[in-house]
Amino acid sequence: MSSGVTFGFFDEDAKKEIRRALLKAVALPGYIVPFASREMPIARGWGTGGLQIPLSLIIEEDTLKVIDQGCDGSVNAVNIRDFIRSVTAVPETTDTTAATIIQTRHRIREHPLQEGQTLVFQVPYPEVLTTVEPDTARQKAMHANVDYAKLWVLLYEDTAQFGDSRISARYPVQVNDHYVMDPSPIPKYDIPRLTNNPALQLFGAGREKRIYAIPPYTGVEPLKFSDRAFSIERFDDKACARCGATGVFLDEVNRDNTTLYFCSDSFYCDSRLSGRADAS
Amino acid sequence: MSYVAIKGGTEAIRASKQFLRDEVQAAADIGDEQLIHGLRFACDRVISEGALYSEKLAAEAVRRSGGDLLEAAFYLRAHRSTCQRIGSVSRLDSGDLRILRRISSAFKDIEGGQILGPSCDYVIRLFASRAPEMATQRDTTVTGEGNIFAPSALQSLRDKDLVVVLAEPDGEPFDVTRSFPLPPYPRSAVMQVMARGETGSLLAFAYTSMRGYGDVHPTIGDLRLGWADLRFTHPFSKEQVTVGELRLTACETVGTFVRDRRDGALRLAVGYGLCFGFNETKAIAMSILDLAMNHPGYSVGGPGVATSTEMIIHHVDAIESMGFTNHFKLPHYVTFQADLQVFGAARERGDE
């Protein structure tokens, strides 16, 4: 830990303000809570919202894991992990099961999470209604009235034209039968894993200055018509070229005119290879 | 009777200009090398927004303007007006760039690899973190010594015919410095205006499409910094000769899929951005605007801003917008007097 920096980077007032926003968010599952969102030494849009949450929560006993696109070694994950370590000296891990705080961008790990773990999502667009209603005041009223008609129309228009929604990542979900929220740009594959999750799931949007949460064991359902199945990404007969895993989210890699697939979750892939196999 | 300034601005203006020169006099000692290599990104903005590829002139403009980059770009534009156009170079393909940096966020691994090159993306912007990263004994000028070439990272999608190909323009590309088009604006004209456009303006308009006033969902398919050979047909021998090299930034941005106007098939929409010098923000913003304008169907939510060619083509050039904004400093007492007359008359009628 470099000298002259407060533990967790922020001054204590900033941490308190973020924690208060987090408490409110947990008390109102799926509700978007505004917060001050301090400027960070990394750029907006690079995870400053997600980053502010672990920095305000982290204590010496924590173990940190940071992933980007499912991968611990992704450049942005490395950068964020290095920064958090430089201001906390908290031990880090790639082991999903050993981490107490996991910051993620665009994925939920393949290994199921446990009670006591906190999963922090980096969020570019916290407001699910922004594509159908840009006015913040009207968005707030629509949420209060559980008025999601415009989202249903969008869903209908896509279904009528293309047979299904065109939304791939950031699929809208309804939390605890009330607020519809943006789950951050995770693929549809990860959507069913939001619901009834034993871990605390926190969402931070730095540029847009919003925090929201899904408390443990909360119902989360994708927005869909009752006569339509919710379809997730499928990789059918594809398997990971490294560990042979099937039925998991795969990354497509094109090299020398051949297409290979690898596990998106690098720790899952590593643990299969090292024989620790599926805890799942 | 007190002094009333009626005429006699000449002396005041001369003194004011001298005052400004004195204010930025200390910049006269900054050499071309320091500016071109040390303040590379400042000079690159100037050659790009000034629409004249000359690092030396950009350095001179930055010195003279005391670091006001809009002013500096203005110098290049003004100088450009004095240069004769000799002809058109052969079409460049940014897929042929000699690469310094090339990344794709669409695929984890790509042919030729993810090449980070020099980038501020992962710099921790704390003054304290500067010291340890400073002291490599590398040659300070970037020359791109390795000859790295790679196709666009979207090539694999194009090979499978999954990407929309926009119609080829009829004949020569438009040149807005020779005549300005009327709507419907040719894409080449819009692209030229954006390539000369101001980074901040392009950024702001592109940003509207990301939040609140559009729904573009961009993914950076291929972003590259590098050098392109400038090929020109020799006027006498009629042979293609390489006359120089340009440092460029190019970006291809992938949107969602749309129905291709050619055959009704579903394909991915792609936007393109290109500018002189190294300026990733500008190239990315430009590619997003190109995407938004050519696929306005995305614009749900608020009124289209980024999707409106009319909006973009008239508002991203800072030489124009800066000039006009600053013109309000000129005397307007005649028009203001007229305003006051109308205002007074309205008040009188209102009091009746």
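1. Leaving aside neighbours within four places in sequence, L76(B) is in contact with V46(B), I47(B), G50(B), L52(B), L57(B), A58(B) and A61(B). The model in which these contacts occur is a predicted one. L76(B) belongs to the largest nonpolar core, which has 61 residues. Together with V46(B), A58(B), A72(B), M194(B) and L289(B), L76(B) touches the most other members of that core. The greatest contribution to this core comes from α10(B), with 9 residues. Apart from this core lies another one, of 56 residues, including F83(A), V87(A), F121(A) and I186(A).

2. Helix α3 of chain B, residues 40-49, is mostly covered, with 7 of its 10 residues buried. The buried residues are C43(B), D44(B), R45(B), V46(B), I47(B), S48(B) and E49(B). Just after α3(B), A51(B) adopts a positive phi of about 55°.

3. Helix α8 of chain B spans residues 187-195, and its buried residues are V190(B), M191(B), V193(B), M194(B) and A195(B). The elements that cover them include α9 (199-210), β4 (266-276), α10 (280-294) and α11 (309-315) of chain B. P184(B) is located in the loop between α7 (155-159) and α8 of chain B.

4. Strand β4(B), one of the elements covering the buried residues of α8(B), is itself mostly covered: 8 of its 11 residues are buried. Strand β3 of chain B (residues 240-259) is joined to β4(B) by 10 bridges, and the two run antiparallel. Within this pairing, T249(B) stands opposite C275(B) of β4(B). The hairpin formed by β3(B) and β4(B) has 6 residues between the strands, and in this hairpin G264(B) takes a positive phi near 80°.

5. In chain A, 6 strands make up an open sheet with mixed pairing, in the order β1-β8-β7-β4-β3-β2. Its edges are β1 (33-34) and β2 (64-68), each of which pairs on one side only. Inside the sheet, β7(A) (residues 200-205) and β8(A) (residues 210-214) pair in the antiparallel sense over 5 bridges. L202(A) has A213(A) in β8(A) as its bridge partner.

6. Two helices of chain A lie across strands of this sheet. Helix α2(A) lies across β2, β3 (101-105), β4 (118-122) and β7 of chain A, and runs at about 150° to β4(A). Helix α3 of chain A (residues 75-88) lies across β2 and β3 of chain A, at about 155° to β2(A).

7. How are α1(A) and α2(A) oriented to each other? Helix α1 (residues 12-27) and helix α2 (residues 48-57) of chain A pack at an angle of about 105°, with their axes 9 Å apart. Angles of 65 to 115 degrees count as roughly perpendicular, and α1(A) and α2(A) are therefore described in that way. The contact involves K15(A), I18(A), R19(A) and L22(A) from α1(A), and Q52(A), I53(A) and S56(A) from α2(A). These residues divide into 3 nonpolar, 2 polar and 2 charged.

8. A further open sheet in chain A consists of 3 strands in the order β6-β5-β9, with antiparallel pairing. Its edge strands are β6 (180-181) and β9 (220-222), each pairing on one side only. Strand β5(A) (residues 173-175) is joined to β6(A) by 2 bridges, and the bridge partner of Q174(A) in β6(A) is V180(A).

9. Q69(A) has a positive phi of about 60° and is found in the loop between β2 and α3 of chain A. With 18 other C-beta atoms within 10 Å, Q69(A) is partly exposed. D177(A) also has a positive phi of about 60°, and its place is in the loop between β5 and β6 of chain A. D177(A) is exposed, with 10 other C-beta atoms within 10 Å.

10. As to the interface, 19 residues of chain B are in contact with 20 residues of chain A. On the chain B side, the residues touching chain A comprise 8 nonpolar, 5 polar and 6 charged.

Key: Residues numbered from 1 in each chain as written. Chains lettered and ligands numbered in written order. Predicted model: local features only at pLDDT ≥ 70, side-chain atom pairs only at ≥ 80, totals over all residues. Contact = placed C-beta atoms within 7 Å. Nonpolar A, V, L, I, M, F, W, Y, C, P; charged D, E, K, R; others polar. Buried ≥ 20, exposed ≤ 12 C-beta atoms within 10 Å, placed from the backbone. Helix = DSSP H or I, 4+ residues; strand = E, 2+ residues; numbered from the N terminus. Axes fitted to C-alpha atoms, helices over the stretch in contact; angles between N-to-C directions. Parallel < 35°, antiparallel > 145°, perpendicular 65-115°, else oblique. Pairing = 2+ DSSP bridges. Core = buried A, V, L, I, M, F, W, Y, C linked by C-beta atoms within 7 Å.
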